[in-house]
Amino acid sequence: MKKVTTSTLMQLKQKGEKIAALTAYDASFAKMFDEQLIDVMLIGDSLGMVLRGDDDTLSVSIDDIAYHTTCVRKGTSRAFVIADMPFMSYATTELAYTNAAKLMASGASMVKVEGGEWLISTISGLVERGIPVCGHLGLTPQSVHVFGGFKVQGREQEQAQKIIDAAIKLEKAGVQLLVLECVPSAIAKRISETLTIPVIGIGAGVDTDGQILVMHDMFGISANYMPKFSKNYLADCNDMRSAVSTYIDDVKTKRFPGPEHSFE
Ligand code: KIV
Ligand code: NA
């Protein structure tokens, strides 16, 4: 089976085919998602919440992500594997190099970092050294205490413009993928149309180039609460494989997300 690469993802955007992504943390689920032809799997620092039961992602370490990346890599033969850089693991460029190298050695094909302008030189440095980078803008959960809670970002004009400008700068710096989390659909649409690279949304409406969900939310089994932007795909079928293939199909055909999963 042909492996999904950064070029495949770019081609999907150019063809107008939506990218379907899920988080994954272990080999068994990774193998099942891979068999259902998921395009992208992310070892998210959301594992702090869904595996460990914390209220946020801040306690996750680089070794946690490295361990789960090793697990996911073993179960994956086709999908593109991205690993999250956890809180403070890229606080300086030097730290970012050391920690990103750990995740690549554990089996990631790309690392994801949260933030805009302040990350520009770190991102270009990583890319120059051979480490592909995914950006993450909007609601960046590692900054939850700065935001004062998990809140939709970019509702005011000025804040929206800041997100749009940051997206353009990240692309210039060399990110090959961008996650947009909890932003109004119109902003996400505009960014997806403006950028050449694929934009993957979560709580960002149906007009991004792809969608991602936390796997536990997609199965409706998260320890804490179920975000508005998510959908329980096990509710209408009793089988995990069908839930996953329905989710992928819904993303590809733009049946997910609906307006009820999005912010205006
Ligand atoms: O940690 C995570 O699961 C994520 C996705 C929600 C994009 O960053
Ligand atoms: Na994350």
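Student: Asp-45, is that one buried or exposed?
Tutor: Buried: in this predicted model, Asp-45 has 27 other C-beta atoms within 10 Å. The cut-off for buried is 20 or more, so Asp-45 qualifies.

Student: Where is Asp-45 in the fold?
Tutor: Asp-45 sits in the loop between β2 and α3 (47-50).

Student: And what does Asp-45 touch?
Tutor: Leaving out residues up to four places away in sequence, Asp-45 touches Thr-57, Val-60, Ile-65, Asp-84 and Pro-86.

Student: Okay, Asp-84 then. Which strand is Asp-84 in?
Tutor: Strand β3. Asp-84 is buried too, with 32 other C-beta atoms within 10 Å.

Student: What are the contacts of Asp-84?
Tutor: Again not counting residues up to four places away in sequence, Asp-84 touches Leu-42, Ile-43, Gly-44, Asp-45, Ile-65 and Lys-112.

Student: What does UniProt list under "binding site" along with Asp-45 and Asp-84?
Tutor: One "binding site" annotation, from an unreviewed entry, lists Asp-45, Ser-46, Asp-84 and Lys-112. They span 68 residues in sequence, but no two of their C-alpha atoms are more than 12.5 Å apart, so they gather at one spot.
Tutor: There's also a "binding site" annotation in UniProt, unreviewed entry, that covers Asp-45, Asp-84 and Glu-114. Those are spread over 70 residues of sequence, yet they cluster in space, with a largest C-alpha distance of 11.0 Å.

Student: Tell me about Lys-112. Where is that?
Tutor: Lys-112 is in strand β4 (residues 110-112). It counts as buried, with 23 C-beta neighbours inside 10 Å.

Student: Who does Lys-112 touch?
Tutor: Beyond four places in sequence, Lys-112 touches Leu-42, Ile-82, Asp-84, Met-85, Cys-134, His-136 and Val-179.

Student: And Glu-114, what's the location there?
Tutor: Glu-114 is in the loop between β4 and α6 (120-128). Glu-114 counts as buried, having 23 C-beta neighbours inside 10 Å. Setting aside neighbours within four places in sequence, Glu-114 is in contact with His-136, Thr-140, Gln-142 and Ser-143.

Student: Switching topic: what does the "active site" annotation cover?
Tutor: Glu-181, according to the unreviewed UniProt entry. Glu-181 lies in strand β6 (residues 177-181).

Student: What about β2 and β3?
Tutor: Parallel as well, over four bridges. Leu-42 has Ile-82 in β3 as its bridge partner.

Student: Which residues of β2 are buried on each face?
Tutor: Val-40 and Leu-42 are buried on one side of β2 (residues 40-43), and Met-41 and Ile-43 are buried on the other. Both faces are covered.

Student: Which hand does the β-α-β unit of β1, α2 and β2 have?
Tutor: β1, α2 and β2 make a right-handed unit.

Student: Which residues of α2 are buried?
Tutor: Phe-29, Ala-30, Phe-33 and Asp-34. They cover an arc of only 135 degrees around the axis, which puts them on the same side of α2.

Student: And what covers them?
Tutor: The cover includes β1, β2, α4 (62-75), α10 and α11. Just after α2, Leu-37 takes a positive phi of about 70 degrees.

Student: Last one, α11. How many residues does that helix have, and what's its reach?
Tutor: α11 (residues 240-252) has 13 residues and reaches 18 Å from first C-alpha to last, close to the 18 Å expected. Its buried residues are Ala-243, Val-244, Thr-246, Tyr-247, Ile-248 and Val-251.

Student: What packs over those?
Tutor: What covers the buried residues of α11 includes β1 (19-23), α2 (27-35), β8 (210-213) and α10 (215-218). After α11 comes Lys-254, with a positive phi near 65 degrees.

Methods:
Residues are numbered from 1 along each chain as its sequence is written. Chains are lettered from A and ligands numbered from 1 in the order in which they are written. This is a predicted model: local features need pLDDT of at least 70, side-chain atom pairs count only at pLDDT 80 or more; totals for chains, interfaces and linings use all residues. Helices (H or I, at least four residues) and strands (E, at least two) are DSSP runs, numbered from the N terminus. The expected span of a helix is 1.5 Å times one less than its number of residues. A residue is buried if 20 or more other C-beta atoms lie within 10 Å of its own, exposed if 12 or fewer, and partly exposed in between; C-beta atoms are placed from the backbone. Two residues are in contact if their C-beta atoms, placed from the backbone, lie within 7 Å. UniProt positions are given in the numbering used here, feature names are shortened, and annotations may be inferred rather than shown by experiment. A crossover is right-handed if, with the strands pointing away from the viewer, the path from the first strand over the helix to the second runs clockwise. Two strands pair if DSSP finds at least two bridges between them. The arc is that of the directions from the helix axis to the C-beta atoms.
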